[in-house]
Amino acid sequence: MLGYLAAGWGWQFANAFGISILAAVSSFFFSMLIGIGLTLFSRAPIPGSRAIVNSYTYVFRSLPDILLLLLIFYTLDGVFQAALSAFSGGANVRLSPLVPAIMSTSIVLGAYATELFRAGWADIPAGQHEAGQALGLTRLHSLVLVILPQVYSKIIPHLGALWLISMKETALLSIIGISDIVRVASIGARSTGAPFVFYGIAIIIFIVFAAVSARVFKHLERRSQTTAGGI
Amino acid sequence: MEKLIAYAHEILQGLGTTLTLFIISLMIGFVLAATVASFQIVFRGPVSRSVWMAMFAIRGVPLLLILYVVYYGFPLLPVVRETFLWSAFSSPFWCSVMCLVLVEVAFTSEIMRGAYYQTPKEQVEAARSLGLSRFQTFRVAIFPAMMRNGFPAYTTEVIMLCKSTALAFTVTVMDIMGYANEIRARTLDVYEPLLIAGTIYICLAILCRTVLAKLFSLIGLSAPEQPRSRRWWSLQTFTRNREVRT
Amino acid sequence: MIEHADHAAITIYSMSKWFGTFRVLDGIDLTVREGERIVVCGPSGSGKSTMIRCINGLEPFNEGRVVVNGIDLTSKARILNSVRRNVGMVFQQFNLFPHLTVLENCTLAPRWVHKVSEREAERMALHYLEKVRIPEQADKYPRQLSGGQQQRVAIARSLCVKPRIMLFDEPTSSLDPEMVKEVLDTMADLAQDGMTIVCVTHEMGFARRIADRMVFMDRGRIVEEAPPSDFFSAPRHLRTQQFLEQILN
């Protein structure tokens, strides 16, 4: 195994790990934004806002991730080129395949994150909102200082699960030709005739990553629980 | 429009494959998960601990990678190639079933374990104090509570499994996704085949939810009466007394 | 029409509120002078909580006018916020922020609403925590305190924004009996300092001790208003008599 890692494959794997982390972190980040944004939207006094958010979460929790990825991957570039030529008269810029990958993962994870934030939000007693109002906090201050920290401490264990999913989801990048961990492993397996070494390395990377993440989230959970308790 | 109907027709040829893949994995997965979960509950100690670690490891690895290992990797082993095992490993369908079952067991056993440990202690004590045996206690007090606690998470897991079957096309299984992708590659139409396939998957998810809810009420437990917001990720553990205003 | 004098802290003109056909508040008229201490009582469901929640805009009303410190209450967020800066509110369920320490609970509004410096906010918070007699708990989290202590922190938190009016919405109703007294004593201290107070409570002994005026509500209306001496010894209305009989025995 060490022989292969020394023969250039180590660097390949490191590179692939970087790409996977980049994709995982950005889609996790965007899914959080979607989750918070849509939770606010669904609670806003706008007719139909709840129905819109409900159908979004229903559809994207039912749709296979790979299907959405292919759909976005094969159409986004056309849309992007059309928009580009309309604005700048056809500059030759190509869209990185990472963009559709991160988009589709964010949309799918966003659906889960939205459900998560809504559940956490619903668990916050009305009195917390009222106390913020009565003290004269603006909506934004109340959101950032009072509500979100409490939602966070309620949903932190589930956030850990979501983070793991977003890392695993990066395996799909290999299907659209991005050199992620899985793709490097399959290329290595095919070209060297030592499949178990290469698949083994990929599997170990994912397991170690999962174990480390679990530790980190356990720590975050414990930290948030020493502060936020009941009322 | 005619094109759409033709595509839909072609894609629906894969429905049978998707459904068998899904249902077989679901059934085997459930039975094995129950076995693994009860093993972990009954025997505590290093063996049980290592089972848990194995399940944790499987949960951390992407299904796609597992599929590649089983479908592309295993056939290179002489043990697999030259024995009866070959009949299973040479079929992309059964390879997919194996992988889906593996992942399903890892997730479902953890849901069952979690549901078991969420059972209120007082109920177990009450049942034991009435002189019920361990098995009777399980049947009367623990099992119904497990059903109630685990239902939302299990529903999600079933839908996840249904979605995951779509990955089988990467190892040449011709399911719904397989046909849709084939049409896409052949005709260069992207929207039509993929949206048709997407619609079918959404219908399958609706069906799953309905059937599970029915099944749940058939077993004799009233459907989980949870507020909408809480039906999916169960946050009961965090619930505090709600404010009562006069 | 505008009999709103300079010394009136709160004036309510024929305020009504309804859900569908059900009238929660039905033509409420009430004037509270500056420095006056009002105790509101009445059977549950009479609308007393709703009324005081309307005074700082936690609940909207359908009809009538409410003027607080000379500002006409509307649903505009800016106006509501400027009213709330001068009105403190204490809730039945304390509603302390569980993720913040006692001190942070108290400094939150001064720092973010009134833009006071951190050091100044902490100095002020400690001052008011001393006033409610629990400065030693400043670094604890709310769940580490007893109900009575939590409610006293909630009072200190409201005082930190230096309100001109304090509203109390059944502040002792969810407390264990042995903790009621410590909260009532804190409130009595406040009353002695000349704070304008509107308090919804069933603690009649406390009412007799601090109130300038009793207000009795039933079915969304103010049925009787009187100084406590008259109110307890010679209630004019039948409903008031019945209520007092029930609650005093």
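In this predicted model, Ile10(C) stands opposite Val68(C), a residue of strand 4 of chain C. The two strands concerned, strand 1 and strand 4 (residues 63–68) of chain C, pair in the antiparallel sense over five bridges. Chain B, by contrast, has eleven helices and zero strands.

**The antiparallel sheet of chain C**

- Strand 1 (residues 8–19) of chain C is also joined to strand 2 (residues 22–33) of chain C, by eight bridges, and these two strands run antiparallel.
- Within this pairing, Lys17(C) is placed opposite Leu25(C) of strand 2.
- Strands 1 and 2 of chain C make a hairpin with two residues between them. Gly20(C), in the turn, has a positive phi of about 60 degrees.
- These strands belong to an open sheet of four strands in chain C, with the order 2-1-4-5 and antiparallel pairing.
- Strand 2 and strand 5 (71–72) of chain C are at the edges; each has a single partner strand, so one side of each is left without a neighbour in the sheet.
- Strands of a sheet pair through backbone hydrogen bonds, in either the parallel or the antiparallel sense.

**Domains of chain C**

- Nine residues from domain 1 and nine residues from domain 2 of chain C take part in the contact.
- On the side of domain 1 of chain C that touches domain 2, there are four nonpolar, two polar and three charged residues.
- The UniProt record places the feature "domain: ABC transporter" at residues 10–244 of chain C, in an unreviewed entry.
- Over residues 10–244, chain C is 38% helix and 26% strand, with the end C-alpha atoms 27 Å apart.

**The largest nonpolar core**

- The largest nonpolar core holds 190 residues, of which Leu67(A), Ala202(A), Leu65(B) and Val40(C) touch the most other members.
- Beyond its neighbours within four places in sequence, Val40(C) is in contact with Lys48(C), Ile52(C), Val198(C), Cys199(C), Val200(C), Val215(C) and Met217(C).

- Read along the sequence, chain B has the pattern α-α-α-α-α-α-α-α-α-α-α.
- Of the 246 residues in chain B, 36% are buried.
- Among the contacts in chain B with a separation of 6 or more, 75% come from residues 24 or more positions apart.
- The UniProt record, again an unreviewed entry, places the feature "domain: ABC transmembrane type-1" at residues 15–212 of chain B.
- Across residues 15–212, chain B is 82% helix and 0% strand, and the end C-alpha atoms are 20 Å apart.
- The contact between chain B and chain A takes 37 residues from chain B and 43 residues from chain A.
- On the side of chain B that touches chain A, at least two residues each come from helix 3 (46–60), helix 4 (63–73), helix 9 (134–164), helix 10 (176–187) and helix 11 (191–218) of chain B.
- Helix 11 of chain B gives the most to this side, with seven residues.
- By class, the residues on the side of chain B that touches chain A are 25 nonpolar, seven polar and five charged.

**Helical features of chain A**

- An unreviewed UniProt entry lists "transmembrane region" at residues 16–41, 62–83, 95–113 and 196–217 of chain A.
- Residues 16–41 of chain A are 100% helix and 0% strand, and the end C-alpha atoms are 37 Å apart.
- Residues 196–217 of chain A are likewise 100% helix and 0% strand, with the end C-alpha atoms 31 Å apart.
- Leu116(A) is found in helix 4 (residues 98–122) of chain A.
- Leu116(A) counts as buried because 26 other C-beta atoms lie within 10 Å, the cut-off being 20 or more.
- Leu116(A) and Lys154(A) are 38 residues apart in sequence, and their C-alpha atoms are 9.7 Å apart in space.

Methods: Residues are numbered from 1 along each chain as its sequence is written. Chains are lettered from A and ligands numbered from 1 in the order in which they are written. This is a predicted model: local features need pLDDT of at least 70, side-chain atom pairs count only at pLDDT 80 or more; totals for chains, interfaces and linings use all residues. A nonpolar core is a set of buried Ala, Val, Leu, Ile, Met, Phe, Trp, Tyr and Cys residues joined through C-beta atoms within 7 Å. A residue is buried if 20 or more other C-beta atoms lie within 10 Å of its own, exposed if 12 or fewer, and partly exposed in between; C-beta atoms are placed from the backbone. Two residues are in contact if their C-beta atoms, placed from the backbone, lie within 7 Å. Ala, Val, Leu, Ile, Met, Phe, Trp, Tyr, Cys and Pro count as nonpolar, Asp, Glu, Lys and Arg as charged, and the others, Gly among them, as polar. UniProt positions are given in the numbering used here, feature names are shortened, and annotations may be inferred rather than shown by experiment. Two strands pair if DSSP finds at least two bridges between them.
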